[in-house]
Amino acid sequence: LPISFYNSSSQSHLSRNSNQILTLRFLVLVLSITYPMFTGNANLRNRNATSIASSNIETPQFGKGKKWYFPSNPNIFKGLMAITSFVFLLGISNFQSGEIVQVRSSWCEKVNNARSTLDPSLHIKVPCEEMKPAKSAVVAYITAGVSKEKASRTVFSASDYVDGVMALGASLNDHLGPQTHKLLLLRDDFIPTLPTGVLEDLKKIGWTIGVAPIVDIDDKFVPSFGRYKTVYSKISILGLSEYECVLLLDADTLVIDKIDDLMTCDILKPDFRAAGGLDLYRGRWRHFNTGSILWRPESAEMSRVYALTKDPNFMKKFESDQIFSNTVYPDRENIAVNEKLINGEEVDPKELGSIAHLPWAYNAQTHLEYQRPQFWDEHVSSLKIIHYTQKKGWQCDKRYDEPPPLSPTRPKISDCKMDMDCACHEGYRWHQYLQKAREYVKTK
């Protein structure tokens with residue numbers, strides 16, 4: 001019998017002694033019950049002679065001509081078979097339990113081996129003993145959040161972010177297979193601020209909770225914008241080198257169509273560092289947007305990028321983690337190439353640099369609804385991941401039914417801060433999924 005169904009040359013299993021004992025126990029119990037039937041042992045048969053009348057059946061194929069004895073009393077025979085079946089099922093159950101423990105232990109070893117060269121202070125902590133092996137993962141972070149009293153239009157509360165990942169988690173349940181891990185990473189200093197029961201609700205919706213390292217930078221380089229002050233912890237995603245690829249999704253995203261094709265990691269072949277969708281930044285297609293981006297993690301690359309955060313010759317007061325990442329990987333600065341990419345035109349692979357092009361459908365930024373209305377209308381039917389960039393899902397009016405279509409002749413505008421419906425046409429989807437998440441956790 002196999003010790004474990006999960007094998008990898010790079011992973012060792014737990015001690016096999018426990019499973020070998022289970023094997024021996026199983027075999028001894030079965031043989032002790034069936035030995036009198038399958039052998040011609042006269043002593044064992046005579047011991048039960050008063051209650052068992054044996055009949056001989058010639059079975060040359062079993063035991064090379066020995067006789068096979070069955071008890072003629074049907075009740076005794078049924079009893080023996082019932083006991084044998086019970087022992088067999090017990091043995092199988094033990095094997096399966098041992099197998100699960102070994103598979104999960106193997107994942108812990110995979111994690112440890114993959115990160116062996118990474119500074120332990122940069123490790124993301126995950127409950128690997130509870131996790132099955134996986135090729136890829138979807139990762140979301142919550143690194144900070146103010147109290148509800150201090151929240152504003154641009155600075156969000158912890159409960160806002162929690163609602164965001166609750167809705168996101170429910171949407172992933174509908175559009176992502178179980179073979180992909182779903183990690184929600186929290187900063188250690190943020191966890192105590194969460195209300196009682198929140199972590200359990202997040203686990204119920206399907207998130208595996210992990211702890212992100214605190215990546216501190218020099219005070220003079222901390223972004224001015226309030227909600228970006230702790231976001232450098234997000235670069236730790238590069239250290240998840242146990243995976244072939246990881247999809248980083250911000251808490252203001254929502255998955256509305258299947259994304260299993262993306263999680264095969266094929267888009268990163270042969271050796272792209274990431275696959276990023278273009279960002280409409282200050283009216284131009286410039287930079288890759290990091291609200292939805294597929295990374296190929298590697299410990300050495302994590303160490304390199306972390307070192308840059310300590311390099312005064314590289315660092316400056318970047319506006320956000322997105323600008324930092326686009327400075328580390330300056331492959332989307334060519335506006336002409338970016339225009340070709342967004343229009344679906346052919347581009348020389350050499351011009352892509354280290355960043356593969358992620359189709360806009362996987363990072364559909366809602367500010368295009370009013371800044372590029374024609375583009376939005378042409379692509380809205382193919383969306384897979386909505387990124388609520390201008391107004392977050394929790395800032396859109398609470399409604400659960402799809403609103404009427406947007407007017408194709410609506411004017412292009414530069415700002416929509418004063419219009420409650422602006423950039424919220426898809427807001428109903430977010431409220432649907434938040435409601436679905438809340439109803440789901442009540443039943444668990």
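In what order do the three strands of the open sheet stand? The model I am showing is predicted, and in it the order is β7-β12-β11, with mixed pairing. β7, residues 253-255, and β11, residues 364-365, are the edge strands; each has a single partner, so one side of each has no neighbour in the sheet. As a general point, strands of a sheet pair through backbone hydrogen bonds, and they do so either parallel or antiparallel. Here β11 and β12, the latter being residues 385-387, run parallel and are joined by two bridges. If you want a place to look, find A364, which sits opposite I386 of β12.

Next, the nonpolar cores. The largest one contains 64 residues. Within it, the residues with the most contacts are L172, L184, L202, W207, L247 and W360. Helix α4, residues 158-175, gives this core its largest share, nine residues.

Take W207 as an example. Setting aside neighbours within four places in sequence, W207 contacts V138, A140, V165, L168, G169, L172, K182, L183, L184 and L202.

Last, a pocket. The second largest pocket has a volume of about 370 Å³. Its lining consists of 17 residues, and nearest the centre are E130, M131, H181, G206 and T208. By type, the lining splits into seven nonpolar, five polar and five charged residues. Two strands, β4 at 181-187 and β5 at 208-212, each contribute at least two residues to that lining.

Conventions: Residues numbered from 1 in each chain as written. Predicted model: local features only at pLDDT ≥ 70, side-chain atom pairs only at ≥ 80, totals over all residues. Heavy atoms only, no water. 1 Å grid on protein atoms, 1.4 Å probe; cavity = no way out; pocket = protein on both sides within 12 Å on 5 of 7 lines; lining within 4 Å. Points joined across faces, edges and corners; volume = space filled by probe spheres on them. Helix = DSSP H or I, 4+ residues; strand = E, 2+ residues; numbered from the N terminus. Nonpolar A, V, L, I, M, F, W, Y, C, P; charged D, E, K, R; others polar. Pairing = 2+ DSSP bridges. Core = buried A, V, L, I, M, F, W, Y, C linked by side-chain atoms within 4.5 Å. Buried < 20%, exposed > 50% of the residue type's maximum accessible area, 1.4 Å probe, protein only. Contact = heavy atoms within 4.5 Å.
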